[in-house]
Amino acid sequence: MKYAIIIPDGAADAPIAELGNKTPLEAACKPNMDAAARNGRIGTVRTTPPDFSPGSDVCTLCLLGYDPAQYHPGRAPLEAAAMGLKLNASNWVMRCNFVTIIDGKMVDHSAGHIKDNEGRTLLQAVTEAVGNAGGVTFHPGVSYRNLMTLAGADLTKVKTTPPHDIPDQPVKNYLPRGAGAEPLLDIMNKARAVLKDHEVNLVRRQFGENQATDIWLWGQGKPKHIPSFKERYGISGAMITAVDLLRGIANLLGWKNIDVPGISSYHDTDYAAQGKYTCDALDNFDLVCCHVEAPDEASHQADFTTKIKSIEAIDEHVVGPVLKKLKTFDQWRLLIMPDHATQCATRKHHEAPVPFLITGSHGKSSIARAYTEQAAMESDLHIEAGYELMSYFLTK
Ligand SMILES: [Zn+2]
């Protein structure tokens, strides 16, 4: 049996007045998805468990069959997995942003999207200032996104806040807090002192760019043991995505990340290349997952026109070729669903259950309807624990 999963990120939405109260999925011309839905099964699945917010990391983990409540290791450990860092299981790992804080307010969570080389120079200075007390190690990432690992700390009771959640707000109440936060505050203070008049910042000041006044520690977690997809479901897998967090999930699942030239997170991604590489990978893997970020990015811009175009491009250049390829195998199945809804009206992810469609061997239709939110809701197939969908897809 060959399996393919296509994830049009954030494609589900609510009705939009300018579209005559249609959703982008209803407004898009997508003959391949609609035919697949009519020949297969549609329904809804809840990918955001209670007590979680609908981030792509949480929802994708759930979609791929892993209960986030049990297996989500936290933002920073996932990013560490994406970077290929091998972590000691007893160490904590945190995100370490360069940020701009002026007059006690979070002016910029990215320190003006600081350049990689500037960030590395500053992180070196911070490393020297903090020293290795407490087993602190910094790991430079792209631009402002670094990681920090800590040995011998207990951050179980520490609360932190993502800096992008508090734009222009006083940071005082959002600093690391709770029992065990003191060493983090100490590290942040030492960093502030060395960053204050650092050459890199002096130059940025001259050019009118936001300075990296501080480091901001958040998103802590410990690596968790996650059984590989092969251990759990007995088959091999591969991932195609432009998003680092999803590459991290693929690494944790023991999947191969396949690089695709021209892939991006936006509508300028090479859809046809994503489709072609998915088809080629099906020759070598039992399951191939192709994730396309573009509909989500368009929704964050409230750009429903581009969102519709991206759904149409996925239908033509990914779903079409992948269906054709799957039909060359004796037994096959295809799952199409977004990880979560993203609403153009609010520009935000939404935790409502998402519509899914399964087509292929054994997948007979209960209702012959196009692939839309409404049709999925009117089906009699509703999966509340989203992580149960995977075994349904693989076996039922
Ligand atoms: Zn997403």
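Select A238 first: this residue stands opposite V288 in strand β10. The model is a predicted one, in which local features need pLDDT of at least 70 and side-chain atom pairs count only at pLDDT 80 or more, while totals for chains, interfaces and linings use all residues. Residues are numbered from 1 along each chain as its sequence is written.

**The sheet**

Strands are DSSP runs of E with at least two residues, helices are runs of H or I with at least four, and both are numbered from the N terminus. Two strands pair if DSSP finds at least two bridges between them.

Next, display the open sheet of eight strands, whose order is β9-β8-β10-β1-β11-β14-β2-β15, with mixed pairing. At its edges stand β9 (256–257) and β15 (382–383); each has a single partner strand, so one side of each is left without a neighbour in the sheet.

**Helices on the sheet**

Which strands does α13 touch? Helix α13 packs on the sheet against β1 (2–8), β10, β11 and β14, and its direction makes about 180 degrees with that of β1. Contact requires C-beta atoms, placed from the backbone, to lie within 7 Å. Axes are lines fitted to C-alpha atoms, for helices over the stretch in contact, and angles run from 0 to 180 degrees between N-to-C directions.

Now select α2, which lies across β2 (41–45), β11 (332–336) and β14 (354–360) and runs at about 75 degrees to β14.

**α2 against α13**

Show helix α2 (residues 31–39) together with helix α13 (residues 304–326): their axes come within 8 Å and cross at roughly 45 degrees. That makes α2 oblique to α13; angles under 35 degrees count as roughly parallel, over 145 as roughly antiparallel, 65 to 115 as roughly perpendicular and the rest as oblique. On α2 the contact is made by P31, N32, M33 and A36, and on α13 by D315, V319, G320 and L323.

**α5 against α10**

Move to helix α5 (residues 75–82) and helix α10 (residues 244–253), whose axes come within 7 Å and cross at roughly 80 degrees. The two helices α5 and α10 are therefore roughly perpendicular to each other. Residues to highlight in this contact include L78 and E79 of α5 and D244 and L245 of α10.

**The whole chain**

Finally, colour the protein chain by domain: domain 1 (2–68 + 227–395) and domain 2 (92–221). These bounds come from an automatic or database domain assignment. The centres of domain 1 and domain 2, taken over C-alpha atoms, are separated by 35 Å.

Definitions and conventions: Two residues are in contact if their C-beta atoms, placed from the backbone, lie within 7 Å.
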